[in-house]
Amino acid sequence: MILSMQRVLSTEEITNYALDYSKKLGCDDVSILGYQIDESQVRFSNNSITLVNNVREITVQVYLTKERRRILGSTFNPTEQGINKFIDNIFTSCRSLPQSEHYVALPKVDTRHDGRANFDERVKDADLVGFVKQAIDSSLGSGAKRVSGSLNTSSLEAFIQTSGGATGKYFSSEMLLNVRAFAEDNASGHGLCCTSYVSDFDPENAGRIAGDYAKRSKDPRTVSEGKYDVIFTPTVIANILPVASSASAFAIESGLSFLPPETEREIAVKELNVDDYGVYEGGLGGRLFDDEGLPTQHTPIVIQGIFKNMLHNSTTAKKFKSRSTGNAGIISPFPSTVVFGEGDSSLDEMIRETKNGILITNNWYTRYQNMRSGEYSTVPRDAAFRIENGEIREPVSGIRISDSIPRQLSNISLISRERQWIKWWEVSTPTLAPAMLIKDVQITKAVGS
Amino acid sequence: MDQDLVSYAISEALQSGCEYAEARYQKTSDVTCLLRNGVAEPATMSDAEGIGVRVVYDGALAFGATNRLTRQEVKEIVERIVRRAKAASSSLKERVAFSQEQAHVEKWSSEESKKVEDVSVDSIIALLKDIDRGLQSPIAGVSFPNRMLFLGWSIDEKYYENSDGSKLQGRVPRAAYFCILTSVYDGRPRTVSVPAGYSQLGGSGGWEVIEKLNLSETIPAGAKEITAGIKATERPPTDEVMDVILGPNVASLTSHESCGHPGEADRILGREGAQAGESFLKSDKLGMQIGSPEAFVSDDPTIPHSMGFYKYDDEGVKARKRKLIDGGRFTEFLHNRATAKVFNINSNGSSRAVQFDREPIIRMANTFIEAGDWTFEEMLSDVRRGVYIKSFMEWNIDDKRLNQRYVGLEAYLIENGDLKEPLKDPVLEITTPKYWGSIDARAKDVEFLCGTCGKGDPMQGAPVFFGAPHVRLKGVRLGSR
């Protein structure tokens, strides 16, 4: 293999080339998505940088149909020869597949996409090492003894060409800082800063929050199993209330969602509003077009507690006798940017209103016993505090939330006005989330020691 | 494979002043077919191909990757990561160094008879349809109206060199089956899988690993087994201390979650602190008594046809079996060359990267509770009152690996050595020392399941086996959902 003699095409060139090549083969529908991504990372632990990382990639996603047979592929080989070989291979496989009952032609699109999602060209050259030093120093200054974390930046150029006429590109960027501070082995705090813009990036604040939580978490106690009123920070809400991803029509139809197969049903308290945006202006990331080339849009999912809209691609829209919401995924639609509506409360008010409760600032490892009923458990990690008669008491640890999503949606008592952008290990879709006070949350813990 | 570019990357890094360099060309190809309620969704095929380069410059570790396979691009990537390593090195409080290891030159692969790349997507879908036919009609009064069946294969090909002189070319094909079903009984929908616990079946090698599973018969038979749990209404006893027998389906995951993960040396040293977490074990706790004399757990990448099979890790270290818990004592941690240097030992070859654009990190391969000398029937006959949790669905564990939970799918009350009525959702929520300390019997019947282990930032899902025989826990208390 002498790849160095093959010309590496630009992402735009390769997207155009792949469409032309697929058409020449006789494909009925073609969607080509090209991504050029430049990712940088600085990881740190024990107050020291442990890795600097830079990845530059071009990837090409190819969707083909022939006589109602459908196939989806992706390749990392950005050369003419590589694309020819890859498309030949998947087209051969496509023709051997059974015809699909779910086939729907790609939509006709006359939009030329050209613009920016949330994008800042300065992200690519940001001083990551300097930012990380600020986060570590701030965290140590707030009471941490050890600080770990990662700062990830990405700059994305996305291109599309479809046989339905969609064409164009957009740019997007992200800066994601995740700080975990330790005041002692059993006392840790978590801070995030997630933005698309260098001017909004505040590593000191994320470090300070993590360090302060860690300092206040020393000597944690345990609590009895039972039901508590629980205040969840935005980081936790973005993970444990997966309303938007569960609104994917594919997930609902496949039994992977707690949401009902009909809209206009009450699923939450009337104070809850959840929306999906293709691009949320001034927010985090986003996409201008979906995988079928349709422009993305604003789709209200929950309005005043009523389930209003599923998220659709063309295939699910046909099945549900609806219209695409610009959320393709070729196989399954997915949200682009999740936005929980703001409430009228504050964290301080939530604490004042709680007689016997717990404040949980972070969680991980959410798993389902039953996706249809929404029964799940998740493990709080980092700072958590018992609340008694409106005041924060001692830190607590060793507990688990074991509840159901529908029950929690019906027990939301207060929603904060202030919201925070969340994207990290446990939350893969950019999410603007508030804090919430939820009544009667089931708390369990391990038996034995 | 482009071996020249790999050598070129190392030579560029060394010329730039790096004290260590390695480069890995990796191509990962995979095909997955999904049959949903009897209808084929688009088959998915992908090729991820590129070069990853890792260097140590003045104690700073840097990694870079590209899929533009030209000398110019490789040169630029090396220049960029060396530049960033230099920038980071001035502020390091801990400098990275690697253990000295023997250099190896070898071409290796897993055993395969029927090459997976020769298996057509239409034949994969035909097999899925055979399986699906056995699930379309109600089984023992339980229907499965939603059925998502996945079957596919992957091939991982690598060419690796490092500045110590290792040159290794490896190939590991794999194949795996997985499903998520919605069962309905008495009007109640419930998520289940066969095998339970969202586990996979398969392994490394040719397509024969799938053919041996006889999926069109074993999956419907497995669905029939779990109907007892789906129909159960009786709650488990929660107010008494009793004996609990775990089936291999449950016990196998405990070896992974509460032995393998806490024994990863990078977690112990805090390097995964902000993502996958740390460990309740500390570096001076090697040899500590963590469990009963009946607790034996190993991790072995060299098991033929295992999902986590490899002969050399992604730092060029030869793979070998690791005895993690031996008679209740934690006797070995999982190491890469950096953590081995800190512990002043040799690496035990646990470093893997799942794709060309990911750094190698410490991973489990095939973790399992070693076989004992009991039979299941002997274990059962000893129990006056207890619970048999044969399989599970929900599970999780805290990020120090101390507080874990498994919620049963198929489970039974045990009275005077006999299985009685099925139980609904028994919850084993237990600390790690209590769990390993409660084991008083292990059966001979080790079974292995496949899974995808999540770790790293960016996330790397690594193919693994986890295995166990039936194990018995003495004197524990259960909860209920």
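Residues are numbered from 1 along each chain as its sequence is written, and chains are lettered from A in the order in which they are written. In this predicted model, local features need pLDDT of at least 70 and side-chain atom pairs count only at pLDDT 80 or more, while totals for chains, interfaces and linings use all residues.

Chain A brings 88 residues to the contact and chain B brings 97 residues, where contact means heavy atoms within 4.5 Å. The size of an interface is often given as the accessible area lost when the parts come together. Here the buried area (accessible area lost to a 1.4 Å probe, summed over both parts) is about 8,000 Å², with 48% given by carbon and sulfur atoms. On the chain A side, A:Arg56, A:Gln369 and A:Trp425 lose the most area to chain B, together 11% of what that side buries. The interface also holds 13 salt bridges, each a side-chain nitrogen of Lys or Arg within 4 Å of a carboxyl oxygen of Asp or Glu. One of the salt bridges in the model joins B:Glu41 to A:Arg70, with the closest N and O atoms 3.8 Å apart.

The largest pocket is lined by 35 residues, and A:Ile209, A:Tyr213, A:Pro234, A:Glu418 and A:Gln420 lie nearest its centre. A pocket is an open set of points on a 1 Å grid over the protein atoms alone, where a 1.4 Å probe fits, with protein on both sides within 12 Å along at least five of seven lines; lining residues have an atom within 4 Å of a point. Because domain 1 (3-212) and domain 2 (220-445) of chain A both give residues to the lining, the largest pocket lies between them; these bounds come from an automatic or database domain assignment.

Note on methods
Heavy atoms only, no water. Buried area = accessible area lost by both parts, 1.4 Å probe.
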